[in-house]
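Dear colleague,

Please find below the structure that I am handing over to you. My findings follow it.

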Amino acid sequence: MTQNMTITEFLAQHLQGEHSGALNAILDDITVAVKQIAIAIDAGAITGNMGSLATENVQGEVQKTLDVLTNDIFIEAIQKSGYVAGMVSEELIDPVNLTVKNGQYLLCVDPLDGSSNVNVNISVGTIFSLLKAKNNQPELNDFLQAGTQQICAGYAMYGTSTMLVLTTGNGVNGFTLDKTSNDFVLTHPNMQIPQETTEFAINMSNYRFWQEPVQRYIDECLQGTEGERDKDFNMRWVASMVAEVHRILVRGGVFMYPSDAKAKMGKLRLMYEANPMSFIVEQAGGASTTGLQRVMEVAPTGIHQRVPIMLGSKNEIDRVAIYHQKKSKRK
Ligand code: AHM
Ligand code: MG
């Protein structure tokens, strides 16, 4: 049996260029945080951490005990390397400045994505994105960089196994937590999204609120062999973006959280959900669009802003984008 390379060995061999030293150290801290979060989630209801708190986050969503706990784990772990000057989190209204001497990077994180799934024992995840800091004392505006500026992005998935999937702009690699050695080991090298797919993921209960291009695309998928597409489609909806993106990386597909009449800017957050996932998907040969623009080229105006997103297998995403462009031209 061949021994899988550990994440530490992999990063030591593969990271190159000006950011490699810092990235090694920061990813080491993130790995520590992810392992701690995996333990907290694994414990399930035993520790009494599965419930909701009386508090709401900045988006007005009720916080779960684990939302707050995982956020605290991240803040503590990320300070060790000394390279991260500030952090933006889904669970915090304002950015946090970290007291480090040599902070050259900024972290945007959703510590527990899909947390509505946590007490029903369905996969959840952590999503993160790393940007360059201007200086050691970052201000809110310093975080407002387009997704194209990301140095590194990744997600952890707490599913049937715990995985960490990463890009530093040179492909996408997936690591699985080996619980016997407590190491992440390389199990999914150079992940590639197939360009063609017959699987889509969208919250169908929002159908009546969608705009015409999204309705058209999904209608055609549903018509299958009897319609324009001349092939049958399958549907999945986990309500955990990490699980949807992971499935797409493994076997292709599209994931859509578009703007609609109820949520004009969509649901998902640009800085710590849409941008990191778009970076990963593009690095694996897929595409990611708002409908009218590449997600990673959206100029951010707020750290918690939302953005419509459709990502996955390139040929399908190109098709959805064409439907949006046609509608926009007709206007
Ligand atoms: P969260 O960050 O509050 O967990 O919300 C984001 C999640 C995504 O993981 C998922 O794609 C989406 O919300 C599901 O939304 P819905 O409840 O509309 O199905
Ligand atoms: Mg989230």
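**Findings**

Asn117 is placed in the loop that joins strand E5 (105-113) and strand E6 (124-132); strands are DSSP runs of at least two residues, numbered from the N terminus. This is a predicted model, in which local features need pLDDT of at least 70, side-chain atom pairs count only at pLDDT 80 or more, and totals for chains, interfaces and linings use all residues. Residues are numbered from 1 along each chain as its sequence is written, chains are lettered from A and ligands numbered from 1 in the order in which they are written, and side-chain values use heavy atoms, with hydrogens and water left out.

Asn117 is buried, with a relative accessible area of 6% (buried means under 20%, with a 1.4 Å probe and protein chains only). Leaving aside residues up to four places away in sequence, Asn117 touches Ile122, Ser123, Val124, Val238, Ala239 and Ser240; contact means heavy atoms within 4.5 Å.

The magnesium ion (ligand 2) is coordinated by Glu90 (OE), Asp110 (OD), Asp113 (OD) and Glu273 (OE), at 1.8 to 2.5 Å. Donors are N, O and S atoms within 2.8 Å of the metal (3.2 Å for Na, K and Ca), and sites may look incomplete because water is not among the atoms. Both Asp110 and Asp113 are buried.

A polar side-chain atom of Asp110 also lies 3.3 Å from an oxygen atom of ligand 1. For Met241, a backbone N or O atom lies 2.6 Å from an oxygen atom of ligand 1.

Yours sincerely

Note on methods. Helix = DSSP H or I, 4+ residues; strand = E, 2+ residues; numbered from the N terminus. Buried < 20%, exposed > 50% of the residue type's maximum accessible area, 1.4 Å probe, protein only. Polar contact = N/O pair within 3.5 Å; in protein donor to acceptor, adjacent residues only side chain to side chain.
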